Amino acid sequence: MPAPRFEQSVFINCPFDPAYENLLHAIVLTAVSLGFIPRCALESGAADYRFPHILELLTKSKYSIHDLSRFTGEGTANLARMNMPLELGVAIGLKLSRKKHRWAVMVPTVPMDAHADQVAYQYQRYISDLAGKDPLRHEQTPESVVREVYSWLKTLDEVVTPQPGGPAIIAALPVFQKKIADFKDYALGKSIWADILTAALEAAPKVNA
Amino acid sequence: MERQAKIPSGWQKSIQKPIFISYTSRGRANAERLRSALKDEGIETWVDSDFIEPGESWENALQSRLREASAVVFLIGPDGQVSEQQRSEATVVFRSEWEEQPKLPLIPVIIGDPELPPFLKQIAPIKVDDIKQGWPEAARKIKRTLNAAPSVVSKPPSSGGSEQKARLLEIQQFADFLRESPAKEKFAR
């Protein structure tokens with residue numbers, strides 16, 4: 001098996017916590033439905049997501065999606081997760097150095113908790129250097145993530161033509177989740193990236209031949 | 001390529017509404033020629049610089065303006081290049097389709113015979129062969145398109161779902177490869 005084609009590979013840089021899992025799945029199903037190969041650190045199956053691995057995946061992907069949902073401090077030490085902005089920086093560097101890389105940033109637009117006000121535009125403060133580059137904005141729901149990722153991927157040169165409609169992808173989400181759960185049960189509770197890809201392939205709405 | 005006219009559901013004649021023109025920086029002069037020709041046909045147009053204030057989110061501005069638009073014209077030059085800005089504008093247009101009904105017609109206006117980007121391939125383009133004389137005719141064609149709303153959306157290429165099928169097969173092969181390969185080999189540098 002040759003490596004996935006660079007032009008069709010989309011690196012996903014997002015949180016891997018349980019609260020984000022459904023949103024990650026929404027990205028994966030949308031990408032697969034439009035003919036792209038989702039790549040992410042979970043591919044390794046290893047517990048440690050070592051940075052060299054991430055760099056390799058990024059450099060082998062023409063496209064990348066970076067979700068900056070976890071921008072607030074967490075835990076008793078009130079620390080923010082910096083891995084995602086770091087990887088976004090690598091993607092921007094790739095774009096600057098070889099021009100072929102394209103990236104998109106996603107941010108949430110609804111409060112993550114009762115104390116977060118004006119979240120809709122908070123990204124303008126926590127990553128003000130991106131001023132002028134409007135991010136994809138989702139409402140932390142799988143449906144809104146499909147909407148944003150679909151609207152972006154559809155403009156890219158490697159999107160399949162014709163492609164299934166966005167509503168069809170949303171309609172396929174429950175089937176996709178069920179298949180993932182079945183695979184996970186079969187793997188004794190372990191979530192395996194190859195299984196997620198296979199579940200996405202099976203659930204993706206097919207364009208009539 | 002086989003084409004078949006299909007009227008977007010819920011389509012209403014709305015030629016009084018402006019058209020948004022998306023163009024590359026290199027195509028600015030041609031965009032102005034097209035605007036002038038459309039004005040002669042009584043059609044108002046917008047381009048990005050018309051409504052985006054300094055410091056304003058252009059995406060918010062465009063999204064709200066698209067609610068008032070009757071169509072979006074993508075001006076594509078002879079090289080077929082689509083700028084980052086045009087892709088971003090297309091993203092906004094596609095996002096608006098989730099909220100707005102009927103969908104905004106997309107009209108590719110091409111200069112010469114470029115290959116269209118995939119997001120415009122399924123739409124019959126209006127061709128301009130003469131960039132000095134061809135704009136009035138292009139404007140008339142746009143007007144006819146908006147009046148009759150035919151041929152704006154054409155039948156998908158006859159390849160049907162074969163391209164998607166081939167891609168899904170590739171992804172399946174990759175998933176199988178991941179399953180069968182030890183982790184250390186997957187990331188050998």
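**View 1. Helices α5 and α6 of chain A cross at roughly 145°.** In this predicted model, the axes of α5(A) (residues 142-153) and α6(A) (residues 166-186) come within 10 Å. Axes are lines fitted to C-alpha atoms, for helices over the stretch in contact, and angles run from 0 to 180 degrees between N-to-C directions. Helices (H or I, at least four residues) and strands (E, at least two) are DSSP runs, numbered from the N terminus. The crossing is right-handed (the near helix is turned clockwise from the far one by less than a right angle). From α5(A), the contact takes P142(A), E143(A), V146(A), R147(A) and Y150(A). From α6(A) come G166(A), I169(A), I170(A) and L173(A). Two residues are in contact if their C-beta atoms, placed from the backbone, lie within 7 Å. By class, six of these residues are nonpolar, one is polar and two are charged. Nonpolar means Ala, Val, Leu, Ile, Met, Phe, Trp, Tyr, Cys and Pro; charged means Asp, Glu, Lys and Arg; the others, Gly among them, are polar.

**View 2. Strand β4 of chain B is mostly covered.** Six of the six residues of β4(B) (residues 106-111) are buried, with 20 or more other C-beta atoms within 10 Å of their own. L106(B), P108(B) and I110(B) point one way; I107(B), V109(B) and I111(B) point the other. In a regular strand, side chains alternate between the two faces of the sheet.

**View 3. β4(B) pairs with β3(B) and with β5(B).** Pairing requires at least two DSSP bridges between the strands. Five bridges join β4(B) to β3(B) (residues 71-76), and the two run parallel. Here V109(B) stands opposite L75(B). Three bridges link β4(B) to β5(B) (residues 126-128), also in the parallel sense. I111(B) has V128(B) as its bridge partner in β5(B).

**View 4. Chain B meets chain A through 36 of its residues.** Their partners are 34 residues of chain A. α3, α4, α5, α7 and α8 of chain B each supply at least two residues of this side. α7(B) gives the most, with 14 residues. The side has 17 nonpolar, nine polar and ten charged residues.

**View 5. Chain B holds eight helices and five strands.** From the N terminus, the order is β-α-β-α-α-β-α-β-α-β-α-α-α. Buried residues make up 34% of its 189 residues.

**Notes.** Residues are numbered from 1 along each chain as its sequence is written, and chains are lettered from A and ligands numbered from 1 in the order written. Local features need pLDDT of at least 70, side-chain atom pairs count only at pLDDT 80 or more, and totals for chains, interfaces and linings use all residues.

Notes
A residue is buried if 20 or more other C-beta atoms lie within 10 Å of its own, exposed if 12 or fewer, and partly exposed in between; C-beta atoms are placed from the backbone.
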